[in-house]
Amino acid sequence: MFAPRTTPWPLVALFTAGYLAPYLLPTVVGRLDSGLPLSPTQAGAVGSALLLSSASAGFLLASRVDRFGARRLARIGLTLALLGYGGAALAHAVPAVVLGVLIGGFGSGTATAVAATRIAAQRDPHRTTTAGLLGVSALAGAVYLTVPHLGPGHGQPLAAIALTALAVWPLTGRIPVDAPTVESRRPAARLPHRRPGLVLAACMLCWSLAQNSLWGVSGRIGLTQAQLTEATVGAVFAIALGAGLLGVTGAGALGPRLGLAMPIGAGTVLIAGCIALSASATDLTTFATGEIAWNTIYPIVLSYVIGLAASLDPRGRWAVLVGSAASLGTAAGPLAGSVLSAQAGFPVMGAVLAVGLLVVSVPMTAVALGRLTRTSGEIAETAEVVEVVEIPLDTVEATPAAPDRLTAAT
């Protein structure tokens, strides 16, 4: 009998703590702009620095989690997040806030790296990933609804990230010290599937850049182009985050039934349409439709991309590297969106981003299809090796017993 699948909640919590900062980036940047003597561009640069620090942790630790120990690194990352974001929330001098954000970002990236490597070693990484995305979406939605009622200042969203790290820290005691798989215990193993992994990482950089180019200017589209009030735009974003929860729940329910290629390829095409629609919105209906549909589909596709990256390496290195590449795209997105919209206007920006996503969807789908082919080939190759090894060991007299032994072995 098969053992029942259980969700590794400590990893889900660690994933949530690591991903929370990128999810809260718009409110973090907005609060830095309004609560400190920073221009919008300077506040955006601080947000980009946070994400770059997080991505650097991922690139640095992608192949070193086993060497340092998952539990130890998780605790170090959460401690850095607590001290960095907490210090930035309490500080009022701009250099101190920037330093705290950089330290906190590195802590977030460290926590994400540990979570990604351990999730990749699970029997069903997609299931664990969707649980993590559900957790971070729900928590981010709660923060977005709560922070406006806590008064002005830059510290509230940063404090929320720090407190999340503090709450997750005790759960690290349930993260195994040893690597959970045989593959992850092999020292100095070469990074497998390098070509598809590099293609997926490059695509995810562009994919995330397109998403966050729109996300960085969505508020301005609603306020200036669609002529909506701030309260209406905020309500649309809150509903969109709720739709994202539904999307993550649906992805978890579907699991691997649809494979990887169709959700990634078709989902990216749909996202391209949503981005073009939102960027061209001139009224509430168009703006809300584009934003809500986009936020529903986005986490679904993201969960399958993370699952695809995890399938490329049981030690989780590609999951970390692809996630770090996505963080680079996330960091560059707001600047790219601002430049494009300033030079060509919001509708043209949306069209450019949509075309870019359509182009990127082709190699991403190809990687997903290639991974499915390789998996089937590996299974067939394994079965062939079993037959080749098994048959020569049998004598003529022992041949009738071979099917029973082969059945027992399987």
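**Exercise 1. Describe how helix α2 packs against helix α3 in this predicted model, beginning with the handedness of their crossing.**

Solution. The crossing of α2 and α3 is right-handed. By class, the residues that form the contact of α2 with α3 comprise 7 nonpolar, 2 polar and 1 charged. The next step is geometric: helix α2, which spans residues 25–35, and helix α3, which spans residues 40–61, pack with their axes 8 Å apart and at an angle of about 140 degrees. Because of that angle, α2 is oblique to α3, given that an angle has to be over 145 degrees to count as roughly antiparallel.

**Exercise 2. Work out how α5 and α8 are oriented to each other, and which residues make their contact.**

Solution. Start from the axes: those of helix α5 (residues 70–90) and helix α8 (residues 155–168) come within 8 Å and cross at roughly 155 degrees. The two helices are therefore roughly antiparallel to each other, the cut-off for that description being an angle over 145 degrees. Their crossing is left-handed. On the α5 side, the contact is made by L78, A81, L82, Y85, G86, A88 and A89, and on the α8 side by G155, L158, A159, I161, A162, A165, L166 and V168. Sorted by class, this contact of α5 with α8 has 13 nonpolar and 2 polar residues, with no charged residues.

**Exercise 3. Locate Q227, describe its backbone, and decide whether Q227 counts as buried or exposed.**

Solution. Q227 is found in the loop that lies between α9 (194–225) and α10 (230–254). Its phi is near 60 degrees, which is a positive value in a residue other than glycine.

**Exercise 4. Characterise the chain as a whole by its secondary structure, its burial, its contacts and its surface.**

Solution. Taking secondary structure first, the chain has 15 helices and 0 strands. As to burial, 49% of its 410 residues count as buried. Turning to contacts between residues at least 6 apart in sequence, 85% of them join residues at least 24 apart. Finally, the accessible surface of the chain comes to about 18500 Å², and 70% of that surface belongs to carbon and sulfur atoms.

How values were computed:
Residues numbered from 1 in each chain as written. Predicted model: local features only at pLDDT ≥ 70, side-chain atom pairs only at ≥ 80, totals over all residues. Heavy atoms only, no water. Axes fitted to C-alpha atoms, helices over the stretch in contact; angles between N-to-C directions. Helix = DSSP H or I, 4+ residues; strand = E, 2+ residues; numbered from the N terminus. Parallel < 35°, antiparallel > 145°, perpendicular 65-115°, else oblique. Left-handed = near helix turned anticlockwise from the far one by under 90°. Nonpolar A, V, L, I, M, F, W, Y, C, P; charged D, E, K, R; others polar. Buried < 20%, exposed > 50% of the residue type's maximum accessible area, 1.4 Å probe, protein only. Contact = heavy atoms within 4.5 Å. Areas by Shrake-Rupley, 256 points an atom, 1.4 Å probe, with all protein chains shown as cover.
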